[in-house]
Structures are given as structure tokens and as C-alpha cells.
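Subject: Structure for your files

Hello,

The sequence and structure you asked about are placed below. My notes on them follow; please read them with the structure open.

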Amino acid sequence: MNNALRITAFAAALAATFGTAYGVGRGVDPLVAAEDRPAQQHGGHGGGEEGGAKPAADHAPGGLQISEDGYTLDLATPTVRAGARTEIRFAVKDDSGRKVTAYQREHGKELHFILASTDLTQYRHLHPVRAADGTWSTPVDLPEAGGYRVFADFTPAAAGAGNLTLGADLAVSGAYRPAALPAPGTTAEVDGYRVALGGELRAGRSGELKLSVSRNGRPVTDLQPYLGAYGHLVALRSGDLAYLHVHPNEGGPGPEVSFTATAPSAGTYRLFLDFKHEGKVRTAAFTVRVAEPGNDDGGHQEGGAGAPAGHAH
């Protein structure tokens, strides 16, 4: 990959005071499963304590490796062009080099495909289609050039196999304009919805995050299940894009959705919340600064409201 594509412009944000950033709210284009129903209890795709996140001490963050436990992510489309609708193709191969064709269904899908720019300003949560030979494909239209990371979140059907998140680099060609992380804040605006973030994300310890959805000043109490849950949350660590995917705690259809999660380390994280209302999935994004363990200030959400954000393509 061209090194210039991998330059990120938000290193200065790593030293920012603790807080959350205004959200980049975007509509996403996943294929919604027909069997969507709210689950009574939700954990991360890989299980683990409370919200599916394991402490950093006994489990490495997902997405940092292209191979793990005998499985490899084979990205057949390592380069796409910015602003052009392109098909990304990939496969998961076992330790014999064969394409995997049997998966356990997790939240209505065999595989969840996450795509994010290395500056964390672009994000997609996609659900590709698998061909009979094990090749996955999904259309994507990325408006900004630069370095990206893709994540395949899945559980093979083979006996004894556990949940895995494998990652690979993707280059998006075109004129590259670096972007900084958004300014601190506790709210995100997307398509007329306001999402407020509370609670804390802590390093090495479980913490509860609470996200409340409202519109026109009124709480939204009829969120719809999306892939079996009232909300999905993905956290990516800035710098290396370590991946954390958790699901809501038990609860109703809004206005508040709570998650229990553990950050693998101190640092700056970008949180992406997918929620569904009136038949459309939208994404609200926040930036969170996680302090070192033992720092009482770590994880508390502070700062002002953010500005309205744009939409995804």
C-alpha cells in the first residue's frame, strides 16, 4: 500500500482532554435480516464478560491480525477508487487454504463486515453475500481517499471454533484530504435525531455506556430491532483501529440503549452506534478518551453538544 495513503491527520487528537466528540451520523446500507427480533440478552459476538468484551489482560483486541486460530482473511480487492461504486470481494480460508463455507449465524447473519478509514471519519457496517464457493462480496461507495481497515466478524461452524474478528488493509485511491477527529461533545445529530452519550468506557474494566435517542425534543420509545437488537455498538481505537463489538444489555425499545464494554487499553476511541427507526438504520458517532486504569477521571463523559453531521453514501 502507498504509505501516503496511510497517513492519518488526527494524532493531535490523541492528546485531547477526556471527553466525547460530536457524532458523525450516517445512514448505512446493510441488508436487514428478515428474522430481526429483539433478543432478551445480548453479548458481544465472541462472548466474554457482561457485554461481550474481555479484559485486555486475557484477550487481545480483535481486528489487529489477518490470521488467527487457523483462519485467514483473504482480501481479493485490496484497492478501490474513491467516489466509485465498487464490489469488494474476500474469503475466509482455513489452515489448509480452503475457503470456509459454513458459519454460525450471529445476530441473523453469518458474517458482519466493518469498514473504517484510518482517520476514523468514514465508517460502514455491511453484510456481504456469500457465494457457494465461500467467496463474499459487497458493493461499497467510499467518498474519501486514504487508508482504510476492513474487519470480518464471524464464527466458523467447525467444532470448537470460536468467534473471530480478522482485519486487513484497504487502499482507496484518489485525492487524499486528511481529516482530524471531531471536537469533544456528548451528543450526535443525524437525520433529525439527537443521540446523547453517558456512562463510561474504562481500560481493563467493564463499564456501562448509555445512549439515548430523541427527535424533535421527544424521546424515541419505539426503536426497531436491527439484526436482533435495539442497537449495535462498535468501538475502534485510534492509531491501530483495535476492534471492539458489543451489543445492548437487556432492555426495551428506547429511548435508552445501554451497553457493557471493556476498553483493551487507555487511549482515544471512536464509538459508532447503529440504531433503527421507521425502517431505516442510522449511525451516530462519538470520540471517547479512556484514561489509564486507576485514574478516576477516565471514561466520564464531559463536553458540549456537537454540530450536525453528514450522511453516508
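This is a predicted model: local features need pLDDT of at least 70, side-chain atom pairs count only at pLDDT 80 or more; totals for chains, interfaces and linings use all residues.

**Strands S7 and S8**

S7 and S8 pair in the antiparallel sense over four bridges. Strands here (E, at least two residues) and helices (H or I, at least four) are DSSP runs, numbered from the N terminus, and two strands count as paired if DSSP finds at least two bridges between them. Within this pair, Ile114 stands opposite His125 of S8. The hairpin of the two strands has five residues between them, and there Leu120 takes a positive phi near 65°. Both faces of S8 are covered, with Tyr123 and His125 buried on one side and Arg124 and Leu126 buried on the other. Buried means under 20% relative accessible area, exposed means over 50%, and partly exposed lies in between (1.4 Å probe, protein chains only).

Residues are numbered from 1 along each chain as its sequence is written, and side-chain values use heavy atoms, with hydrogens and water left out.

pLDDT is the predictor's confidence in each residue, from 0 to 100. The chain has a mean pLDDT of 78, and 74% of its residues reach 70 or more. Over residues 1-58 pLDDT stays under 50, and the model has 191 contacts beyond four places in sequence for that stretch. Residues 298-313 also stay under 50, with 57 such contacts. A contact means heavy atoms within 4.5 Å.

**The sheet that holds S7 and S8**

Five strands form an open sheet in the order S5-S12-S11-S7-S8, with mixed pairing. Strand S5 (79-81) and strand S8 (123-126) are at the edges with a single partner strand each, so one side of each has no neighbour in the sheet. From one strand to the next the twist averages 25°; for such angles, axes are lines fitted to C-alpha atoms (for helices, over the stretch in contact), and the values run from 0 to 180 degrees between N-to-C directions.

Further in, strand S7 (residues 111-117) pairs with strand S11 (residues 146-154) in the antiparallel sense over seven bridges. Phe113 stands opposite Ala152 of S11.

Thr155 lies in the loop between S11 and strand S12 (164-173). Thr155 counts as buried because its relative accessibility is 3%. Its side chain makes a polar contact of 2.7 Å with the side chain of Glu106, and another of 3.3 Å joins the side chains of Thr155 and Asn163. A polar contact is a pair of N or O atoms within 3.5 Å; within protein, one must be able to donate a hydrogen and the other to accept it, and residues adjacent in sequence count only if both atoms are side-chain atoms.

Another open sheet has five strands in the order S3-S4-S6-S10-S9, with antiparallel pairing. Strand S6 (residues 86-93) and strand S10 (residues 135-140) are joined antiparallel over six bridges, and Ile88 has Thr138 of S10 as its bridge partner.

**Cores and strand S20**

The largest nonpolar core has 29 residues, and those with the most contacts inside it are Val195, Leu201, Leu271, Phe275 and Phe286. Among the elements giving two or more residues to this core are strand S17 (232-237), strand S20 (267-277) and strand S21 (280-290). A second, separate core of 25 residues includes Leu73, Phe90, Leu142 and Ala152. A nonpolar core is a set of buried Ala, Val, Leu, Ile, Met, Phe, Trp, Tyr and Cys residues joined through side-chain atoms within 4.5 Å.

Eleven of the eleven residues of S20 are buried, so S20 is largely enclosed by the rest of the structure. S17 and S20 run antiparallel and are joined by six bridges, with Arg237 partnered by Tyr269 of S20. Eleven bridges join S20 to S21, also antiparallel, and Gly267 stands opposite Val290 of S21. In their hairpin, which has two residues between the strands, Glu278 takes a positive phi near 55°.

**Asp191**

Asp191 sits in the loop between S13 and S14. With 26% relative accessibility, Asp191 counts as partly exposed. The side chains of Asp191 and Arg282 are joined by a polar contact of 3.1 Å. Asp191 and Ala284 are 93 residues apart in sequence and 10.0 Å apart in space, C-alpha to C-alpha.

Regards
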